[in-house]
Amino acid sequence: MVRFNALWRDQKGGTTMTTILDGKRTSNALMADLQTEVSALKKQGVTPGLAVVLVGNDPASAIYVRNKQRRADQLGIHSVMRTLPSTAMQAEVLAVVAELNADESIDGILVQLPLPKQVDPDAVVAAINPAKDVDGFHANNVGRLWENNPGVVASTPFGIMALLKHYGIEVAGKRAVIIGRSNIVGRPMAALLLNVDATVTITHSKTRDLFAVTREADILVVAIGRAKFVTADAVKPGAVVIDVGMDRDAAGKLVGDVDFDSVSKVASAITPVPGGVGPMTIAALMIQTVELAKRHHHG
Ligand SMILES: Nc1nc2c(c(=O)[nH]1)N[C@@H](CN(C=O)c1ccc(C(=O)N[C@@H](CCC(=O)O)C(=O)O)cc1)CN2
């Protein structure tokens with residue numbers, strides 16, 4: 001169900017509604033379908049298994065991990081949580097990964113990021129069996145994505161694509177601009193959009209005249225980590241704006257990288273924060289855990 005709550009002025013001077021891309025509702029709808037799939041798998045003797053590894057006591061990570069486990073439990077996915085102290089050395093994290101790689105009841109493994117500084121995230125990700133790499137961060141899965149033969153895809157970009165699809169937003173032929181080049185969001189997002197025939201530009205801290213580039217975007221994905229960085233003057237009227245940010249404003253309120261109040265007046269569709277990309281990230285994780293279980297048990 002599409003919700004409208006803002007107006008933008010189109011190029012002919014008429015007013016049009018802005019669609020709020022509701023990640024919470026969309027993820028609930030997708031999870032209802034997934035629940036049916038999990039029940040069917042269980043009748044065949046297959047219970048999908050997800051292992052989450054949390055190292056240290058980052059408060060935000062603790063919330064995200066709890067939300068992942070709660071979702072898995074709701075769906076009837078077997079979920080295992082392995083926690084290690086913030087002083088854990090790399091060898092200890094690798095030992096847990098090796099144990100989970102060998103555990104037949106586990107189909108998907110993820111190590112929550114960020115990791116404490118003494119642990120190299122690249123080494124940890126490389127140690128995960130690519131067939132269980134439910135985050136899609138392993139080099140095998142990254143390479144497959146760029147070959148347009150995806151195995152598992154990073155959850156946030158996967159969730160964004162699912163959101164665009166749910167709202168019937170056409171991507172082929174569109175100009176997509178991404179702010180941010182991280183391995184978790186920017187790069188896999190670019191590959192996914194390219195794979196469905198968007199014309200993609202990745203921008204970053206060295207991009208000159210950034211807002212001149214963003215104003216060209218039909219689809220603008222913002223993952224820069226700076227509160228309310230993108231304002232209405234950076235957005236083409238009628239653009240679709242996806243906000244991946246999770247920032248705190250001066251009052252400590254959770255806000256995105258996009259100034260929602262001004263941008264929602266010019267965008268044709270926009271994700272809120274909270275309730276946009278975040279819930280879709282968790283939905284994507286669940287969808288891909290079930291997919292890995294099917295591949296593991298049915299080939
Ligand atoms: N191993 C991984 N680590 C991290 C990932 C990841 O995909 N894999 N992504 C982010 C954190 N993240 C998932 O892990 C994540 C962040 C936020 C949300 C979310 O639902 N946010 C809510 C608001 C939550 C709040 O109130 O604080 C929302 O947007 O509505 C889900 C997942 C970094 N690490």
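Started with Asp-197, which sits in the loop between helix H7 (186-195) and strand S7 (199-203). This is a predicted model, so I'm reading every angle below as a computed one. Phi of Asp-197 is positive, about 75°, although the residue is not a glycine. I then looked up its accessibility: Asp-197 comes out at 54% relative accessibility. The cut-off for exposed is over 50%, so Asp-197 counts as exposed.

Next entry: Asn-148. Here too I found a positive phi in a residue other than glycine, near 60°. I traced Asn-148 to the loop between helix H5 (139-146) and helix H6 (155-166). Is Asn-148 exposed or partly exposed? Its relative accessibility is 45%. Exposed needs over 50% and buried needs under 20%, so Asn-148 counts as partly exposed.

Then I turned to cis peptide bonds. I checked the link between Leu-113 and Pro-114 and found it cis, with omega about 5°. Pro-114 belongs to the loop that runs between strand S5 (108-111) and helix H4 (121-127).

Which way does the peptide bond from Val-273 to Pro-274 go, cis or trans? I read omega near 0° there, and the bond is cis. Pro-274 lies in the loop between strand S12 (269-270) and helix H10 (277-298).

Recap for my own page. Positive phi: Asn-148 and Asp-197. Cis bonds: Leu-113 to Pro-114, and Val-273 to Pro-274.

Terms used. Residues are numbered from 1 along each chain as its sequence is written. This is a predicted model: local features need pLDDT of at least 70, side-chain atom pairs count only at pLDDT 80 or more; totals for chains, interfaces and linings use all residues. Side-chain values use heavy atoms; hydrogens and water are left out. Helices (H or I, at least four residues) and strands (E, at least two) are DSSP runs, numbered from the N terminus. Buried means under 20% relative accessible area, exposed over 50%, partly exposed in between (1.4 Å probe, protein chains only).
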